[in-house]
Amino acid sequence: ESSADVFDRVSAFWDDLIGNVLPSQTSAEPHEKTDTCLVVTHGLALRLILMKVFKWSVETFATVWNVGNCHHVTLRKNMEKMCYQFDIKR
């Protein structure tokens, strides 16, 4: 499976997550709401999600390495700029 095929799938996943799943939280009962979403995946898919989120070029994508085993990446939504940013504090 090519990276382009995986990119198409993770793009559809991200668009559905951001467009349908997370917004449904606004109508949920207070005890059902969450402000955290955990995505567990492997290195290539993670890099492709980041490529989608940050609109990286293919050249930029090629300079980013997979995270190590048991490492994680934390994104936090900047509500002022309405965009996601790396959370380096975690």
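Predicted model: local features only at pLDDT ≥ 70, side-chain atom pairs only at ≥ 80, totals over all residues.
Visitor: In what order do the elements of the protein run from the N terminus on?

Guide: Residues are numbered from 1 along each chain as its sequence is written, and side-chain values use heavy atoms, with hydrogens and water left out. The secondary structure comes to three helices and two strands, taken as DSSP runs numbered from the N terminus (helices are H or I with at least four residues, strands E with at least two). The order is α-α-α-β-β.

Visitor: What share of the residues of the protein counts as buried?

Guide: Buried means under 20% relative accessible area, exposed over 50%, and partly exposed in between, with a 1.4 Å probe and protein chains only. Of the 90 residues, the buried share is 23%.

Visitor: How many residues lie between strand 1 and strand 2 in the hairpin?

Guide: Strand 1 (residues 75–78) and strand 2 (residues 83–86) run antiparallel and are joined by four bridges; DSSP has to find at least two bridges for strands to pair. Met-82 sits in the turn with a positive phi of about 55°. The number of residues between the strands is four.

Visitor: Which side chain of opposite charge is nearest to Arg-47?

Guide: Arg-47 lies in helix 2 (residues 43–54), and it's buried yet has no salt bridge. A salt bridge here needs a side-chain nitrogen of Lys or Arg within 4 Å of a carboxyl oxygen of Asp or Glu. For charge, Lys and Arg count as positive and Asp and Glu as negative, with His and the chain ends not counted. The nearest opposite charge is 12 Å away, on Glu-59.

Visitor: Which side chain makes a polar contact with the side chain of Arg-47?

Guide: A polar contact is a pair of N or O atoms within 3.5 Å; within protein, one must be able to donate a hydrogen and the other to accept it, and residues adjacent in sequence count only if both atoms are side-chain atoms. The backbone oxygen of Val-64 lies 2.9 Å from a polar atom of the Arg-47 side chain. As for the side-chain partner, at 3.0 Å, that's Asn-66.

Visitor: Where is Asp-15, and where is Lys-52?

Guide: Their side chains meet in a salt bridge at 3.2 Å, N to O. The pair links distant parts of the chain, 37 residues apart: Asp-15 is in helix 1, Lys-52 in helix 2.

Visitor: What separation do the C-alpha atoms of Leu-17 and Cys-37 have?

Guide: Leu-17 is in helix 1 (residues 3–21) and counts as buried because its relative accessibility is 9%. Among the residues Leu-17 touches is Cys-37, contact meaning heavy atoms within 4.5 Å. These two are 20 residues apart along the chain, and their C-alpha separation is 9.4 Å.

Notes
Lists of a residue's contacts leave out its neighbours within four places in sequence.
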